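Okay, thanks for making time, everyone. Let me put the sequence and the model up, and then I'll talk you through one residue and the fold around it.

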Amino acid sequence: MDCLLMRHGIAVDMEDWPELDGTRPLTDQGRKKVRQVAQGLAAMGLTPTHLFTSPLTRARETAAIVNVILCPSVTISLCKALEPGSTPQSLATFLRTLPDRSVVLCVGHEPLLGTMGGYLLSGNASGNYPMKKAGVGLIHLPGPARAGEGLLHWWCTPAQLRALGQAKKDHEND
């Protein structure tokens, strides 16, 4: 299984949002940057077979943008294991329910995604793999999702992914 972990894009600040945290949407800049990141992922030839997202608005909006650009035939599914406060162990348990040959894109929040990276790669749910907003990491799981058995393919910042998307666009226009 290939597991793509993606943090949601830039959302409205909590101080500027009068409603519940879970309803905070992406900003215009956040939507733009997520589109550019998705174009970078597309430039890499990634084709997710599954797309799961936290039920929070900012994550759902991020997943919807990526879905249109990267994998329009895939249905977005909500996943409680991606909610804030969840654990890497819960997310790993969920991933073990999927076929081994899946390419799974999980859109969620920090610190869960960073600690999930640590859990899959080293066996420790540490904060050694922080993720910027709209950042993405790809971890290959040679078998079921288990602590310390993942292989890191890459862990990219949004700027790196946006640059990949722009480079492909520039190349196509040459």
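**One proline, then the fold**

Let's start with P130: it counts as exposed because its relative accessibility is 57%, where exposed means over 50%, buried under 20% and partly exposed in between, with a 1.4 Å probe and protein chains only. Before I go on, the housekeeping: this is a predicted model, so to speak, where local features need pLDDT of at least 70, side-chain atom pairs count only at pLDDT 80 or more, and totals for chains, interfaces and linings use all residues. Residues are numbered from 1 along each chain as its sequence is written, and side-chain values use heavy atoms, with hydrogens and water left out.

So where does P130 sit? You'll find P130 in the loop between α4 (112-122) and β5 (136-140); helices here are DSSP runs of H or I with at least four residues, strands are runs of E with at least two, and both are numbered from the N terminus. Which residues does P130 touch, once neighbours within four places in sequence are set aside? Those are E110 and W155, with contact meaning heavy atoms within 4.5 Å. E110 is 20 residues away from P130 in sequence, and their C-alpha atoms are 7.6 Å apart.

Now the fold. The chain has five helices and six strands, and along the sequence they read β-α-β-α-β-α-β-α-β-β-α. The six strands make an open sheet with mixed pairing, ordered β3-β2-β4-β1-β5-β6; two strands pair if DSSP finds at least two bridges between them. At the edges you've got β3 (76-78) and β6 (151-156), each with a single partner strand, so one side of each has no neighbour in the sheet. On average, neighbouring strands of this sheet are turned by 20° against each other, direction ignored, using axes that are lines fitted to C-alpha atoms.

Zooming in on one pair, β2 (residues 50-53) and β3 run parallel and are joined by three bridges. F52, for instance, has S77 in β3 as its bridge partner.

Last, the whole chain. For 174 residues, a compact globule would have a radius of gyration near 16 Å, and the chain's 15 Å agrees with that; the radius is taken over C-alpha atoms, and the rule is 2.2 Å times the number of residues to the power 0.38. Along the principal axes, the C-alpha atoms fill a box of roughly 45 × 40 × 30 Å. Of the 174 residues, 47% count as buried.

How values were computed
Axes are lines fitted to C-alpha atoms, for helices over the stretch in contact, and angles run from 0 to 180 degrees between N-to-C directions.
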